[in-house]
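This report looks at helix packing. Start with the structure below.

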Amino acid sequence: MNMPDAPIIRPRRLRQSAALRRMVREHTLRLDQFIYPLFVDERLREPRPISSMPGQFQWPVSAMAAQAERIANLGIPAVLLFGLPETKDAQGSGAWSPTGGVQAATRAMKAAVPDLIVMTDVCLCEYTDHGHCGVLQTGRNGVTVANDATLELLAREALSHAEAGADVVAPSDMMDGRVGAIRAALDAGGFVDIPIMAYSAKYASAFYGPFREAAESAPQVGDRRTYQMDPANGREALREVALDVAEGADIIMVKPATLYLDVIARVRDQITLPIAAYHVSGEYAMLKAAAANGWLDERRATLEALTAIARAGADLIITYCAPDAVAWLREGD
Ligand code: PBG
């Protein structure tokens, strides 16, 4: 037998029992790090299932107080709200209506469970009739989203969310300068203590497909590649993050999550602010579809994906899997 001269170094020693493995485990998912996204539809009276996101619903405003209680009872500390308005227009004016779905849901949820952290997505794509994340202009590149004209509208939307009682606002539009514009509007409105969670490194991803069914926000013409990032770019994420930090963001987000673990890790190395990662609709749909076919063990695959996101350096995880994940974590392994 050909034994090496030196004794074999044996990493397997520390994997011999579950207790030992737990003891040397580097990352453990915590209930406190989950954020659960919810869709509120002003037009609905009954919840409506989202076919490409099994287990997720569009909710009527009237259901939101009970949802707040259900989520808080599961031990999930925070929600992220998206709104579907009664009517859409070119500007997306439903976004800053004081009686809009997100505003009404925020009031209802905070009244029902004051400790639940209500975060709101700030974007216009659910509210515009053309489905883009800002207002349109026609120029030398044809029809594009007008950056600076959109900033003012996003600021109004964020302010209306804060006025409704939102604890955190989360701009997802990817316009240049929007964190600064929203910070200024919040401060001027007396909301200096409301943090901004910025979708900083948000990629133009095919994995938002199911969300666009859920939020009815697919662009009617073109796509989002003139404002969301090119999936081929890693360094550029650091530039986007640096800008949002400079403009006053309090939490930095990378989105999607599991395909962008390298980006999460690089951002982690560069900044000291908390990092959120958005495990998006397509990442959820893939797990659900494979599990439904019996091709993956749903529990193990989901917890592995979420643990990988934490290992890469995310502090907060936004995921549609939150209710399942917290139940599994309570059961232990
Ligand atoms: C709005 C927004 C999107 C998502 C979050 N905010 C869709 C998009 O940019 O097209 C995607 C979330 C998901 O896929 O779960 N701009």
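Which glycine follows H5, and is its phi positive or negative? Glycine 190 follows H5, and its phi is positive, near 90°.

## Basis

This is a predicted model: local features need pLDDT of at least 70, side-chain atom pairs count only at pLDDT 80 or more, and totals for chains, interfaces and linings use all residues. Residues are numbered from 1 along each chain as its sequence is written, and side-chain values use heavy atoms, without hydrogens and water. Helices (H or I, at least four residues) and strands (E, at least two) are DSSP runs, numbered from the N terminus.

## Helix H5

H5 spans residues 178-188. Its buried residues (under 20% relative accessible area, 1.4 Å probe, protein chains only) are Arg178, Val179, Ile182, Arg183, Ala185 and Leu186. Down the helix axis they fall within an arc of 165°, so they line one face of H5. The arc is that of the directions from the helix axis to the C-beta atoms.

These buried residues pack against strand E5 (117-122), helix H4 (147-164), strand E8 (168-171), E9 and H7. Contact means heavy atoms within 4.5 Å.

## Helix H8

Val263, Ile264 and Val267 are buried in H8. They fall within an arc of 100° seen down the axis, so they line one face of the helix. Their packing partners are strand E9 (197-202), H7, strand E10 (251-255), strand E11 (275-279) and helix H10 (298-312).

## H7 against H8

Arg235, Ala237, Leu238 and Val241 of H7 meet Val263, Arg266, Val267 and Gln270 of H8. By class, this contact has five nonpolar, one polar and two charged residues.

Note on methods:
Nonpolar A, V, L, I, M, F, W, Y, C, P; charged D, E, K, R; others polar. Buried < 20%, exposed > 50% of the residue type's maximum accessible area, 1.4 Å probe, protein only.
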